[in-house]
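Q: Some terms used for this structure rest on cut-offs. Please set each value against its definition and conclude.
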Amino acid sequence: MLWFQGNSMQLAKYSFLLFLRNLSASKTVLPVLTLFTKDPCPLCDEAKEILEPYKNRFILQEVDITLPENSAWYERYKFDIPVFHLNGQFLMMHRVNISKLEKQLQKLEQQDARG
């Protein structure tokens, strides 16, 4: 097991790259939608319900910002959850913006279709 001290961003990137490498054998690689959350988070629960119809178009990865290894994310997002990143890039916060999500998913799907 690898241990990254202090830099949870580095761990998140490493995990994401491993995840992509494991998926590379399949034809279509689904994008990863990361939800930065904590428990409880009623807005996060609401967001997940809104995302339900889209769940076949991405892999939802939840990051609990209250865990010690995610302290950098806690400092960054403690007043803003839910926060979403798509493939490691900031996408939206507070509420789900379906049109923004749809636009980014379509862009990724078109890139994937072109090979």
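A: Helices (H or I, at least four residues) and strands (E, at least two) are DSSP runs, numbered from the N terminus. From the N terminus on, the elements of this chain run α-β-α-β-α-β-β-α, with 4 helices and 4 strands in the chain. This is a predicted model, in which local features need pLDDT of at least 70, side-chain atom pairs count only at pLDDT 80 or more, and totals for chains, interfaces and linings use all residues. Residues are numbered from 1 along each chain as its sequence is written, and side-chain values use heavy atoms, with hydrogens and water left out.

Q: What is the average pLDDT of the chain?
A: pLDDT is the predictor's confidence in each residue, from 0 to 100. The chain averages 86, and 75% of the residues score at least 70. Over residues 1-5 the pLDDT is below 50, and this stretch has 4 contacts in the model beyond near neighbours in sequence. Contact means heavy atoms within 4.5 Å.

Q: Why is V63 called buried?
A: Buried means under 20% relative accessible area, exposed over 50%, and partly exposed in between (1.4 Å probe, protein chains only). V63 has 14% relative accessibility, so V63 counts as buried. V63 lies in strand 2 (residues 59-64). Leaving aside neighbours within four places in sequence, V63 is in contact with T34, L35, F36, T37, N70 and W73.

Q: Why does T37 count as buried?
A: The relative accessibility of T37 is 8%, and therefore T37 counts as buried. T37 is in strand 1. Not counting residues up to four places away in sequence, T37 touches C44, E62, V63, D64, I65 and I81.

Q: What makes strand 1 mostly covered?
A: In strand 1 (residues 32-37), 6 of 6 residues are buried. V32, T34 and F36 point one way from the strand, while L33, L35 and T37 point the other way.

Q: How do you know that strand 1 and strand 2 pair, and in which sense do they run?
A: Two strands pair if DSSP finds at least two bridges between them. Strand 1 and strand 2 are joined by 6 bridges and run parallel. In strand 2, I59 is the bridge partner of V32, and V63 stands opposite F36.

Q: In which sense does strand 1 pair with strand 3?
A: Strand 1 and strand 3 (residues 83-86) pair in the antiparallel sense, over 4 bridges. T34 stands opposite H85 in strand 3.

Q: What makes up the right-handed β-α-β unit?
A: The unit consists of strand 1, helix 2 (residues 42-51) and strand 2. A crossover is right-handed if, with the strands pointing away from the viewer, the path from the first strand over the helix to the second runs clockwise.

Q: How do you know that C41 and C44 form a disulfide?
A: A disulfide is a pair of cysteine sulfur atoms within 2.5 Å. The sulfur atoms of C41 and C44 are 2.1 Å apart, and the two residues form a disulfide. A search of the whole structure finds 1 disulfide. With 70° about the S-S bond, the link of C41 and C44 is right-handed. Both C41 and C44 are buried.

Q: Which residues touch the most other members of the largest nonpolar core?
A: A nonpolar core is a set of buried Ala, Val, Leu, Ile, Met, Phe, Trp, Tyr and Cys residues joined through side-chain atoms within 4.5 Å. Of the 22 residues in the largest such core, L33, F36, L51, F58, F84 and L101 touch the most other members. Strand 1, helix 2, helix 3 (71-77), strand 3, strand 4 (89-93) and helix 4 (98-114) each give two or more residues to this core. Not counting residues up to four places away in sequence, L101 touches L33, L51, F58, L91 and M92.

Q: Why is N87 called partly exposed?
A: N87 counts as partly exposed because its relative accessibility is 27%. N87 is found in the loop between strand 3 and strand 4, and its phi is near 50°, a positive value in a residue other than glycine.

Q: Why is H94 called partly exposed?
A: H94 has a relative accessible area of 35%, so H94 is partly exposed. H94 is found in the loop between strand 4 and helix 4, with a positive phi near 75°.

Q: Where is P40, and what is the omega of the peptide bond from D39 to P40?
A: P40 is in the loop between strand 1 and helix 2. The peptide bond from D39 to P40 is cis, with omega near 0°. A cis peptide bond also joins I81 and P82, with omega about 0°. Most residues other than glycine have a negative phi, and most peptide bonds are trans.
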